[in-house]
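Morning, everyone. Please look at the structure on the screen, and I will walk you through a few spots.

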Amino acid sequence: MMDVITVTSLGQNPASFISNFSNSIQLSEGYEIGLLKIACPPVFNVSNDNNKLYIVKKDDVNSKLVFEIPQNFYPTTHDLAQSIYQVLTFEENHDEDEAIDLKVNLRYQGASGSADHSKLTMQLIDKKLNFTASDDKPGNILDLLEFRIKNFSARSLVIQNYDLTAQDQICFIYSSIVSNSLINYNVSRLLDTVPIKSSRNGGYYMLEVQNPVFHDVSSSSFINIAFDIRNVFGDLVQFVTGLPVILTLGLRKKHVPSI
């Protein structure tokens with residue numbers, strides 16, 4: 001017989017949260033717990049590693065304006081372009097350097113519903129400025145928009161509309177309810193390792209664990225359980241905020257083989 005416990009990160013960081021119970025849970029000796037299901041929101045496909053936008057002055061090769069696009073999950077290239085436009089519009093209204101005009105035009109080509117409507121043009125008003133992408137400008141957001149030509153520089157960007165790559169990764173789920181185990185000779189409380197995919201439409205990804213791994217429960221009495229979900233580098237996974245992670249756990253009495 002197995003009891004099922006469902007916990008959520010509602011109102012907390014989806015990658016690091018504590019689930020509190022109204023009453024303390026008391027167990028006799030010999031219980032074990034495992035992950036049965038996980039439902040999670042999308043993982044950021046724009047992060048600190050790839051969110052830099054570079055603009056240069058045509059008459060000054062050493063000039064470089066750097067902007068950071070908000071880290072988030074963007075379903076399509078046009079969603080990302082709208083975010084870039086908002087960043088530049090904000091900067092244009094707050095830039096103290098009057099010599100720099102960051103005004104930008106954003107327009108679709110063709111009528112709505114037509115084939116050309118899938119193209120969006122972003123153009124800097126100031127003819128002395130260019131968007132740029134090159135090897136010496138790391139984390140360039142233009143890579144996601146397929147502007148990967150070496151030493152690319154242009155005043156206008158014509159952006160085709162397509163789904164952006166979703167970030168698929170292996171996630172390590174740690175929990176305070178799990179007894180200590182070893183990972184690379186380090187003590188940890190690993191509940192399970194699962195592959196996480198991001199839905200291209202920004203919805204939930206759901207995974208039912210086919211062969212759950214059960215671990216000894218760390219305590220026979222508890223009133224809350226803490227969870228951390230980390231990537232292979234040990235960093236908390238960057239889930240879209242506002243949508244909770246939902247974990248379904250199985251709690252059962254350990255099977256003791258008869259002699």
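**A loop, a sheet, another loop**

Start with Asn-140. Asn-140 sits in the loop between strand 8 (129-133) and strand 9 (152-154). Strands here are DSSP runs of E, at least two residues, numbered from the N terminus. This is a predicted model, where local features need pLDDT of at least 70, side-chain atom pairs count only at pLDDT 80 or more, and totals for chains, interfaces and linings use all residues. Residues are numbered from 1 along each chain as its sequence is written, and side-chain values use heavy atoms, with hydrogens and water left out.

Is Asn-140 buried or exposed? Buried, with a relative accessible area of 3%. Buried means under 20%, exposed over 50%, and partly exposed in between, using a 1.4 Å probe and protein chains only. The Asn-140 side chain reaches the backbone nitrogen of Leu-142 at 2.9 Å.

Two strands pair if DSSP finds at least two bridges between them.

Strand 11 (residues 169-175) and strand 17 (residues 221-230) are joined by 4 bridges. Ile-173 stands opposite Ile-229 in strand 17.

Last stop, Leu-236. Leu-236 lies in the loop between strand 17 and strand 18 (246-253). Leu-236 is partly exposed, at 30% relative accessible area. Asn-13 is 223 residues away in sequence, yet 9.6 Å from Leu-236 in space, C-alpha to C-alpha.

Notes:
Polar contact = N/O pair within 3.5 Å; in protein donor to acceptor, adjacent residues only side chain to side chain.
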